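Here are some notes for a colleague who is opening this structure for the first time. Please read them with the model on screen.

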Amino acid sequence: VMPVYPSGIFSVQYEFDTKYILVPITFARDLLLYKNEVSAIELGLKPGFDIVNIAAELQSKLGDLYVVKDRYKQNDALYKIMKSEKLAIFLILTFILIIAAFNVIGSITMLIIDKKADIIILKNMGATSAHIQKIFFAEGILISAFGAVIGLVAGLLLCLAQQHFGLIKLQGSFAMDAYPVILKAGDFVLVLLTVLLIGTVLSFIPARKTARSIGMVFNQNINDD
């Protein structure tokens, strides 16, 4: 009989809290009939070192008899689920963005109708349908770009507020109280390119159709005169 008296508790996550206990290494060796053997060695690296490269270098030196895993490989299934969740959220928000971007079509169409008299004047001055199309196409891109910049700035401020003040709290027993947020430049670039791509496509449709229809009306008016 080897008695062990609890001296404290820890709370990280339910799966870990109900699965692991920390005991002296001598107690663990006696319990598992080990002498000097160890089942695993954990290394902590200083900030600035590349974990992937160091893990690969250790694996090459230790050979196939040992398995070297970094933090991500140790929880490979969890991180795959998180990446899939991130991709699913991005696709859902992109679909919502496409629906919301149809307001650009309505805005450009109303703008063209409102500026119909000005368009006729431009036609009389020698402007072609292609020039008019470029004007309203550029207007649609400006609307999309302006909205994208406002959204990115608002998202940046919200993420910074979450990092410093923890606005969104986590419910349950976790190692941290607030939802963790990491800012990545690649995510901002991806969102910006997605918004601009959707805005460009949806701006081209009304500008092309409306410019053509106004050009047809203008030609008809000339023939009537």
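1. In this predicted model, Lys80 and Asp76 bring their side chains together in a salt bridge, with N and O 3.2 Å apart. The two residues are separated by about one helical turn, because they stand four residues apart in helix H5. Asp76 counts as partly exposed, since its relative accessibility is 36%, a value between the 20% and 50% limits of that class.

2. Glu57 is partly exposed at 43% relative accessibility, whereas Lys61, with a relative accessible area of 64%, is exposed.

3. The structure holds three salt bridges, and a further one is formed by Asp187 with Lys86, whose closest N and O atoms are 3.4 Å apart. This pair links distant parts of the chain, for Asp187 belongs to helix H8 (residues 185-224) and Lys86 to helix H5, 101 residues apart. Asp187 is partly exposed, with a relative accessible area of 29%, and Lys86 likewise counts as partly exposed, at 47%.

4. Helix H5 also contains Thr94, which is buried because its relative accessible area is 17%, under the 20% limit. A polar atom of the Thr94 side chain lies 2.7 Å from the backbone oxygen of Phe90.

5. The largest nonpolar core consists of seven residues, namely Val104, Ile108, Ile112, Ile119, Ile132, Phe136 and Ala207. At least two of its residues come from each of helix H5 (76-114) and helix H7 (129-165), and H5 gives the most to this core, with three residues.

6. How confident is the prediction, and which elements have the lowest and highest mean pLDDT? The protein averages a pLDDT of 83, and 90% of the residues score at least 70. Among the elements, the lowest mean pLDDT, 74, belongs to helix H1 (residues 14-17), and the highest, 90, to helix H3 (residues 51-62). Where pLDDT is low, the predicted coordinates should not be read in detail.

Definitions and conventions: Residues are numbered from 1 along each chain as its sequence is written. This is a predicted model: local features need pLDDT of at least 70, side-chain atom pairs count only at pLDDT 80 or more; totals for chains, interfaces and linings use all residues. Side-chain values use heavy atoms; hydrogens and water are left out. pLDDT is the predictor's confidence in each residue, from 0 to 100. A nonpolar core is a set of buried Ala, Val, Leu, Ile, Met, Phe, Trp, Tyr and Cys residues joined through side-chain atoms within 4.5 Å. Buried means under 20% relative accessible area, exposed over 50%, partly exposed in between (1.4 Å probe, protein chains only). A polar contact is a pair of N or O atoms within 3.5 Å; within protein, one must be able to donate a hydrogen and the other to accept it, and residues adjacent in sequence count only if both atoms are side-chain atoms. A salt bridge is a side-chain nitrogen of Lys or Arg within 4 Å of a carboxyl oxygen of Asp or Glu.
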